[in-house]
Amino acid sequence: MIQSRSEVVVRYAETDMMGIVYHGSYLPWLEIGRTQLLREVGMPYAELERLGYRLPVLEVQMNYRRPALYDQRIGIVTTMRERPRIRMRLDYELFHDDALIATGHTVHAFLDHSNQPVRPPAALVELMKGRFGS
């Protein structure tokens, strides 16, 4: 398992007239968590693109438990539970202080520049050795 922590501060533009974060505003926060995790693993997203890979979102799922409000600090915990193969799944937990406010996951495919599914780059596979069982 690989885990990364990020933080955002809710911007006014991410809220509705009641000061509550609009549900679609959570998706860029997942991207922040995802790119931070890849950076910490040693394979920044920009490097994946340089190597000719794309990681489109195939699936996104969110469960909203409590509202996030303007100017709150939101912690993002991003977890990769399985070694990436042609697909990669990431799980997310979002917190304000110690309160869980949302959970979700994304599933991504590794594609080449002709949009064909491919295995992850050898460099990423090498970085993942020893982080997952078998």
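**View 1. A nonpolar surface patch of about 220 Å² is formed by Leu 27, Val 57 and Val 60.** In this predicted model, local features need pLDDT of at least 70 and side-chain atom pairs count only at pLDDT 80 or more, while totals for chains, interfaces and linings use all residues. Residues are numbered from 1 along each chain as its sequence is written, and side-chain values use heavy atoms, with hydrogens and water left out. Patches are made of residues with over 30% relative accessible area and no salt bridge, like charges being joined within 9 Å and nonpolar side chains (Val, Leu, Ile, Met, Phe, Trp, Tyr) within 5 Å; a salt bridge is a side-chain nitrogen of Lys or Arg within 4 Å of a carboxyl oxygen of Asp or Glu, and accessible areas come from the Shrake-Rupley method with a 1.4 Å probe, only the protein chains shown counting as cover for residues. Val 60 lies in strand 2 (residues 57-64), where helices (H or I, at least four residues) and strands (E, at least two) are DSSP runs numbered from the N terminus. With a relative accessible area of 41%, Val 60 is partly exposed, a class between buried (under 20%) and exposed (over 50%), for a 1.4 Å probe and protein chains only.

**View 2. The largest nonpolar core has 29 residues.** Such a core is a set of buried Ala, Val, Leu, Ile, Met, Phe, Trp, Tyr and Cys residues joined through side-chain atoms within 4.5 Å. Tyr 26, Trp 29, Ile 74, Met 80 and Leu 94 have the most contacts inside it. Among the elements that each supply at least two residues are strand 1 (2-9), helix 1 (26-41) and helix 3 (122-128), and helix 1 gives the most, with 6 residues.

**View 3. Ile 74 stands opposite Val 8 across the pairing of strands.** Strand 1 and strand 3 are antiparallel over 8 bridges, two strands being paired if DSSP finds at least two bridges between them. Leaving aside residues up to four places away in sequence, Ile 74 touches residues including Val 8, Trp 29, Leu 94 and Ile 101, contact meaning heavy atoms within 4.5 Å.

**View 4. Strand 5 pairs with strand 4 and with strand 2.** Strand 4 and strand 5 run antiparallel, joined by 10 bridges, with Leu 90 partnered by Thr 106. Their hairpin has 2 residues between the strands, and Asp 97 in the turn has a positive phi of about 55°. Strand 2 is also antiparallel to strand 5, over 7 bridges, and Glu 59 has Val 107 as its bridge partner.
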